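Welcome, and please open your viewer. We will take a short walk through one protein chain, one selection at a time.

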Amino acid sequence: MVGCSRGGGLPAWMTAAAARVDLTGGAAMPGTAPSQQVSSGQNQAAVAAEKELGMGERALSAAAAAFVSAIIVNPLDVAKTRLQAQAAGVSYYQPAQTASLGLDAILYDFRCSPSCTRGVILGSEPVCPPDCFQYKGTLDVFLKVVRQEGFGRLWRGTNAGLALAVPTVGIYLPCYDLFRNWIEDFTRSNAPGLTPYVPLVAGSAARSLACIACSPIELARTRMQAYKEFRPGVKPPGMWKTLLGILSPPASSSQNAQNYRVLWTGVGAQLARDVPFSAICWSTLEPIRRKLLGIVGEGDAASVLGANFAAGVVAGSLAAGATCPLDVAKTRRQIEKDTQKAMKMTTRQTLADIWSSGGLKGLFTGVGPRVARAGPSVGIVVSFYEVVKYALHQRHMS
C-alpha cells in the first residue's frame, strides 16, 4: 500500500499517495528538496501501477491474508472471549442442568486432568471442585480448555472466524486503499494540511462498512467461543445453528422484524471498538512501515514482508490495548441471551456497569490475549496483503 524507498523513489506496486504524504512531517509540496520529493513521472507510474490492481485482486489478496491469520490466532481469541465472558458471569460448570442426565453427565461436567492435585477419582474419571473451572489467565484458559474439552476446542469458532475474516478484510483493506487514494487526491489539491490525517479517516470509514456488513457473523463467533457444551458426546452448535438459535425464540409473528435486529446485537459497541482501533492502527502503521521500507529498501518480497509485518505488530498491539474496554463491552452485549435485555443495552451503559462491578481491571479483562492476538494478526494480514499485491504487480509488469 504505502512505503518510501531510498532517495525518495516509490516502488511501483505501492500507491503514489506515499510520495505525497508523510505522517511525521506533513504533505510534500512543490519546492521541496529533491531528496524529499517524488517526480511527477514517478507519481504517474505509481498511479498507473495502482490502477492495474482491480478491486477483485485487492479483495483476493486481503481475503487470503485474513484466512491465514484467522487460523493462526484463533486460540488467543478463544482465551480472550472466555476471560471476558467469565467476568460477565458466564459459568463453565453447570451441575444443576445435568443432574437429570445421570451420574456420568455430572462427572463429565467436572472432568479434569489426571495430573490435577485437587482431583478425586469417582468412577473412571478424576473430578474437581467448581473453582478448578475458573480461568485465571490466558495460559490457564489454554490448559483447562485442552484438558477439559479437548485440544480442538482452542479452534472453536474458527469456521465463523474464517467466514467473518474473509469478507471483513476483503471489504476493509481494498476500501481503505481506495478511500485513502481518493481522499489524498482531494486534500492534495484542496487542503494539503489535512493530508496527514487521511489514513485515520480512510481506515475509520472502511472499517465501519466492514463491521456493519459482517456483524451477524461476529455475533455468532463470540457466542460460539464464549460458551461450552456440557452434554457428553454432543457436538457444540456451529455458526449457522448458532445464528438460528439467536433467531429461534419468536413469541409472536409481530416480533419477527425485531428478532432479525438481534443479529446486529452489539454492532454499536463493535463500531465503537473497531473504528478507533482502525484509526489508531493506520495512523501508527503508515509512518512506521514507511521508515522501515526506507531503511531496508523494497527490492524484493522479503523486505516488503518484513517491514509490513513489523509495523503491523506494533500498530495492532497499540490499537488493541487502547480499545480493550470497548471490546469487553462488545463481548458482554453479544453474549446476553435475553433478547429483550440485549435490545435495550447500550455501549455507554455496559461500560458503566463493567466499571461499577470490576473497575479498571474489569474494563481491561482479556487485554493480554487481545494484544497478543491483534499484533500478529495485523502484521500477518497487512504483510501478506502487500506481498500479494507486490507479486501481482510483478506479474502485470512481466
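Begin by selecting Tyr172, Tyr176 and Trp282: ring pairs link these residues into a cluster. Keep in mind as you look around that this is a predicted model.

**Stop one: inside the cluster**

How are the rings of Tyr176 and Trp282 arranged? Their centres are 4.0 Å apart and their planes meet at 10°; because planes under 30 degrees apart count as stacked, this pair is stacked. Now colour by helix. Tyr176 sits in helix α7 (residues 158-190) and Trp282 in helix α11 (residues 267-296), so the pair links distant parts of the chain, 106 residues apart.

Arg207 lies over the face of the Tyr172 ring, 4.8 Å from the ring centre.

**Stop two: along helix α7**

Stay on helix α7 and select Phe179 and Trp182. Both lie in this helix, three residues apart, which is about one turn of the helix. The ring centres of Phe179 and Trp182 are 6.0 Å apart with the planes at 50°, so this pair is tilted. Which of the two is buried and which is exposed? Phe179 counts as buried at 18% relative accessibility, whereas Trp182, at 55%, counts as exposed. Across the structure, the count of aromatic pairs comes to four.

**Stop three: the cysteines**

Now select the cysteines. How many disulfides does a search of the whole structure find? The search finds zero. Take Cys211 as an example: the nearest cysteine sulfur, that of Cys214, is 8.3 Å away, and Cys211 is in no disulfide. Cys211 is buried, with a relative accessible area of 2%. Cys281 is another buried residue, at 4% relative accessibility.

**Last stop: the whole chain**

Zoom out and show the cartoon. The chain has 16 helices and four strands. Of its 398 residues, 51% count as buried.

Key. Residues are numbered from 1 along each chain as its sequence is written. This is a predicted model: local features need pLDDT of at least 70, side-chain atom pairs count only at pLDDT 80 or more; totals for chains, interfaces and linings use all residues. Side-chain values use heavy atoms; hydrogens and water are left out. A disulfide is a pair of cysteine sulfur atoms within 2.5 Å. Buried means under 20% relative accessible area, exposed over 50%, partly exposed in between (1.4 Å probe, protein chains only). Rings of Phe, Tyr and Trp (its six-membered ring) pair if their centres lie within 6.5 Å; planes under 30 degrees apart count as stacked, over 60 as edge-to-face and the rest as tilted. Helices (H or I, at least four residues) and strands (E, at least two) are DSSP runs, numbered from the N terminus. A charge sits over a ring if NZ of Lys or CZ of Arg is within 6 Å of the ring centre and within 35 degrees of the ring normal.
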